[in-house]
Amino acid sequence: VQGLKLQEGSEDASSKNDGKLIRQSPVSHEENASFPYFCPACNVKFENLTMFNSHVDGKRHKKNVKMKGESQVSWSCSICAAKMPGENAFIDHICGKSHKKRVQGLKLQEGSEDASSKNDGKLIRQSPVSHEENASFPYFCPACNVKFENLTMFNSHVDGKRHKKNVKMKGESQVSWSCSICAAKMPGENAFIDHICGKSHKKRVQGLKLQ
């Protein structure tokens, strides 16, 4: 992961601009379709605009922007392959018609691809998502549809009130407890957390560093 992040860092460095809107290379369709709303200041992704808006209005986001410095954050949108000059421009773009139209197009495309992937709830193997997605966000909470850069953030999340509320509201049996890193699906929350914190997953994440 660290190796890939160094590589990604070098790519980000070359995309710095003079504050104007620029075009960047888009990331994978699978990543964009599943998590079309991303906060570059906090390195977390969201499934819908409501969750994104709630996040950017929250204390954690504001603290991170202040700590990192607004000008030091890469305010880029992978859906539209564009980079904005600052936070306000980025939020306006994410909430705007152009981004919404692109997201709707991706979801229609994703829906047709997912129609044949239903299962009977047993432990199954799934097709892995893109290498870039796994390398940048190797820890994922399927109950809350958010991704994390490291295990510490993941553990803090699953111990929090928001996560427990979401699991209770959705119902544990209704959540798809799947791990894209290992292309596996677990039967419940405890098995999923044990897997994410276990040796097998850790070894797979470390393997991403070498790629």
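Visitor: What classes of residue line the largest cavity?
Guide: The lining of that cavity has 8 nonpolar residues (Ala, Val, Leu, Ile, Met, Phe, Trp, Tyr, Cys and Pro), together with 4 polar and no charged ones (charged being Asp, Glu, Lys and Arg, and polar the others, Gly among them). Please keep in mind that this is a predicted model, in which local features need pLDDT of at least 70 and side-chain atom pairs count only at pLDDT 80 or more, while totals for chains, interfaces and linings use all residues. Residues are numbered from 1 along each chain as its sequence is written, and side-chain values use heavy atoms, with hydrogens and water left out.

Visitor: And how many cavities are there?
Guide: The count comes to 1 cavity of 30 Å³ or more, a cavity being a set of points on a 1 Å grid over the protein atoms alone where a 1.4 Å probe fits but cannot get out. The largest cavity holds about 60 Å³ of space, a volume being the space filled by probe spheres set on the points, which are joined across faces, edges and corners.

Visitor: Which residues are closest to its centre?
Guide: Of the 12 lining residues (those with an atom within 4 Å of a point), the closest to the centre are Pro138, Phe140, Cys179, Ser180 and Ile181. Strand 6 (139-141), strand 8 (178-179) and helix 10 (189-197) each give two or more residues to this lining, where helices (H or I, at least four residues) and strands (E, at least two) are DSSP runs numbered from the N terminus.

Visitor: New topic: which residues of helix 8 are buried?
Guide: In helix 8 (residues 151-158), Phe154, His157 and Val158 are buried, meaning under 20% relative accessible area with a 1.4 Å probe and protein chains only. They lie on the same side of helix 8 because they cover an arc of only 90 degrees around the axis, taken from the directions from the helix axis to the C-beta atoms.

Visitor: What's exposed on the other side of helix 8?
Guide: Thr152 and Ser156 are exposed there, which is to say over 50%.

Visitor: What do the buried residues of helix 8 pack against?
Guide: They pack against strand 6, strand 7 (146-148), helix 9 (161-170) and helix 10, with contact meaning heavy atoms within 4.5 Å.

Visitor: And phenylalanine 52, what is it in contact with?
Guide: Leaving aside neighbours within four places in sequence, phenylalanine 52 is in contact with Tyr37, Phe38, Phe46, Phe90, Ile91 and Ile94. Phe90, Ile91 and Ile94 are among the buried residues of helix 5 (residues 87-94).

Definitions and conventions:
On a 1 Å grid over the protein atoms alone, a cavity is a set of points where a 1.4 Å probe fits but cannot get out, and a pocket is an open set with protein on both sides within 12 Å along at least five of seven lines; lining residues have an atom within 4 Å of a point.
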